[in-house]
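Reader: I am new to this structure and would like to understand the words used for it. Could you take me through them?

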Amino acid sequence: MATKAQEGGQLATQRSRLGPPKMFKVLLLNDDYTPMDFVITVLQRFFSLDTEQATQIMLKVHNEGRGVCGIFPKDIAATKVEQVIAYARQHQHPLACIMEEN
């Protein structure tokens, strides 16, 4: 039977072999109804972007159909998606927010 010190050493060795967590992109999708100003507000509020960065991403969403808001570990990305969707629905906008593996 292994001692506590040996078990701790094995556990530390196992943990050190693990790689970094998978990262996920959070994206906004274009629609014909959500105002551009609202998208900028969402980007500033939930992704801590300044006005210039938020405007650039909003224009990418508008012109290309989708734009990356940020890259996060899975749990944080999922939370941000839920927050954005809830905020958009609260303000009666159909803004779509998704996440996909990076």
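Author: Helices are DSSP runs of at least four residues and strands are runs of at least two, both numbered from the N terminus. With those names, glutamine 92 is placed in the loop between H4 and E3. Please keep in mind that this is a predicted model.

Reader: What makes glutamine 92 exposed?

Author: Exposed means over 50% relative accessible area. Glutamine 92 has 72%, so it is called exposed. Its backbone is worth a look too: just after H4, glutamine 92 takes a positive phi of about 60°, although it is not a glycine.

Reader: Why is histidine 93 called buried?

Author: The cut-off for buried is under 20% relative accessible area. Histidine 93 has 17%, and therefore counts as buried. Histidine 93 also belongs to the loop between H4 and strand E3 (96-101). Leaving aside residues up to four places away in sequence, histidine 93 touches Tyr33, Thr34, Pro35, Phe38 and Ala88.

Reader: How do you know that the span of H4 agrees with what it should be?

Author: The expected span is 1.5 Å times one less than the number of residues. For the 17 residues of H4 this gives 24 Å, and the end C-alpha atoms are 24 Å apart, so the two agree.

Reader: What makes you say that the buried residues of H4 line one face?

Author: The buried residues of H4 are Ala77, Lys80, Val81, Val84, Tyr87 and Ala88. Seen down the helix axis, they fall within an arc of 140°, so they line one face. An α-helix has 3.6 residues a turn, so residues three or four places apart point the same way. Among the elements covering the buried residues of H4 are E1, H2, E2 and E3. On the other side of H4, Lys74, Asp75, Glu82 and Gln90 are exposed.

Reader: Why do E2 and E3 stand at the edges of the sheet?

Author: The open sheet has three strands in the order E2-E1-E3, with antiparallel pairing. E2 and E3 each have a single partner strand, so one side of each is left without a neighbour in the sheet. The twist averages 25° from one strand to the next.

Reader: How do you know that E1 and E3 pair?

Author: Pairing needs at least two bridges found by DSSP. E1 and E3 are joined by six and run antiparallel. Within E3, isoleucine 98 is the bridge partner of leucine 27.

Reader: Which residues touch the most other members of the largest nonpolar core?

Author: In this core of 24 residues, they are Val26, Leu28, Val42, Leu43, Phe47, Val84 and Leu95. Strand E1 (23-29), helix H2 (36-47), helix H3 (51-64), strand E2 (66-73) and H4 each supply at least two core residues. H2 gives the largest share, seven residues.

How values were computed. Residues are numbered from 1 along each chain as its sequence is written. This is a predicted model: local features need pLDDT of at least 70, side-chain atom pairs count only at pLDDT 80 or more; totals for chains, interfaces and linings use all residues. Side-chain values use heavy atoms; hydrogens and water are left out. A nonpolar core is a set of buried Ala, Val, Leu, Ile, Met, Phe, Trp, Tyr and Cys residues joined through side-chain atoms within 4.5 Å. Buried means under 20% relative accessible area, exposed over 50%, partly exposed in between (1.4 Å probe, protein chains only). Contact means heavy atoms within 4.5 Å. Axes are lines fitted to C-alpha atoms, for helices over the stretch in contact, and angles run from 0 to 180 degrees between N-to-C directions. The arc is that of the directions from the helix axis to the C-beta atoms.
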